[in-house]
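The sequence and the structure come first, and the text follows them.

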Amino acid sequence: MKVAIITAGQPRFTDDFVTVLNQLKGFSTADLYINLWDSDWVDDVDQGVNRINKILPSNVILKKLQITTAPARVLPSSKFELQWWYDRRISQIHGLKLAFDLIDGEYDLVVRLRPDGSLDSDLDISLLDFTASDVIFCNRLVGANQTAPNDQFFVGTQRGIGFLCNLYIDFDRYMIESCPNWETNEHEWALEHIIRYYFESNNKPIIRGQFNHDINRVGKSKYTTDKHTHEPIAPDPTAT
């Protein structure tokens, strides 16, 4: 079985990254595709490749690392106090799509994970049943009122993950439709809420597996500056 793993965003590498890669079972090798937003983490892509390769399990191969400068975002509103929230949400799905678009070739399954999160136990992805849906989310729901799928870890067919990532193409439309009062309620249109609406409006079910995922199990990355202020800073394993 051919497996691709994608991750994206800030270079929030903690020991959770090594843990979650070792928790994934059911395949001989997997190809890793990463898109990171530009930062002071490394001076160039080659340095980043070297740092990541030092910590990868032997069955995970880094195929492509891309470092991208985040574009300026145009908020579809005159309420400029919403810019931070908007930038955060659209950047998440944009970075993920950039990572997915790095994929070269055909894969049976694609895993989306974060470099600062891990699963509650090992997961044999070869045993997952994709009969009802091309994407399987974590069992635990998240977001306001815990009604939305976890956008931080999921597994799917290449077609299914491609569909999810294409949310970026029409992000503003789905964001506004998912929460018509979005300009007065920024907590109801987090990415997980928009993904839920995107799936439902395209007649795709939200299917949950028997696994769960959490971030910051060993502390937060120093690049996590916007949330989780109470968490201690965890070492970056790529820096050793």
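Where is the place of asparagine 203? Asparagine 203 is in the loop between α6 and β10; helices (H or I, at least four residues) and strands (E, at least two) are DSSP runs, numbered from the N terminus. The model is predicted, so local features need pLDDT of at least 70 and side-chain atom pairs count only at pLDDT 80 or more, while totals for chains, interfaces and linings use all residues. Residues are numbered from 1 along each chain as its sequence is written, and side-chain values use heavy atoms, with hydrogens and water left out.

**Accessibility and backbone**

Asparagine 203 has a positive phi of about 60° although it is not a glycine. With a relative accessibility of 71%, asparagine 203 counts as exposed (buried means under 20% relative accessible area, exposed over 50%, partly exposed in between; 1.4 Å probe, protein chains only). Asparagine 216, in the segment after β11 (213-215), also has a positive phi of about 60° without being a glycine. Asparagine 216 is buried, at 7%.

| Residue | Relative accessible area |
|---|---|
| Serine 77 | 12% |
| Serine 91 | 16% |
| Glycine 95 | 0% |

**Serine 77**

Serine 77 lies in the loop between β4 (60-68) and α3 (83-101). Its side chain forms a polar contact of 2.4 Å with the side chain of glutamate 183. A polar atom of the serine 77 side chain also lies 3.0 Å from the backbone nitrogen of lysine 79. A polar contact is a pair of N or O atoms within 3.5 Å; within protein, one must be able to donate a hydrogen and the other to accept it, and residues adjacent in sequence count only if both atoms are side-chain atoms. Beyond its neighbours within four places in sequence, serine 77 is in contact (heavy atoms within 4.5 Å) with Trp182 and Glu183.

**Helix α3**

Serine 91 and glycine 95 are both found in α3. Not counting residues up to four places away in sequence, serine 91 touches Trp37 and Arg73, and glycine 95 touches Ala8, Asn35 and Trp37.

**Helix α1**

In α1 (residues 15-23), the buried residues are Asp16, Phe17, Val20, Leu21 and Gln23. Seen down the axis, they fall within an arc of 160°, so they line one face of the helix; the arc is that of the directions from the helix axis to the C-beta atoms. These buried residues pack against β1 (3-9), β2 (24-25), β3 (30-37), β4, β6 (117-119) and β7 (123-124).

**Helices α5 and α6**

The axes of α5 (residues 171-178) and α6 (residues 191-201) come within 9 Å and cross at roughly 95°. Axes are lines fitted to C-alpha atoms, for helices over the stretch in contact, and angles run from 0 to 180 degrees between N-to-C directions. The two helices are therefore roughly perpendicular to each other (65 to 115 degrees). On the α5 side, Phe171, Tyr174, Met175, Glu177 and Ser178 take part; they meet Leu191, His193, Ile194, Tyr197, Tyr198 and Ser201 in α6.

**Isoleucine 206**

Isoleucine 206 lies in the loop between α6 and β10 (207-208) and is partly exposed, at 24% relative accessible area.

Note on methods:
Angles under 35 degrees count as roughly parallel, over 145 as roughly antiparallel, 65 to 115 as roughly perpendicular and the rest as oblique.
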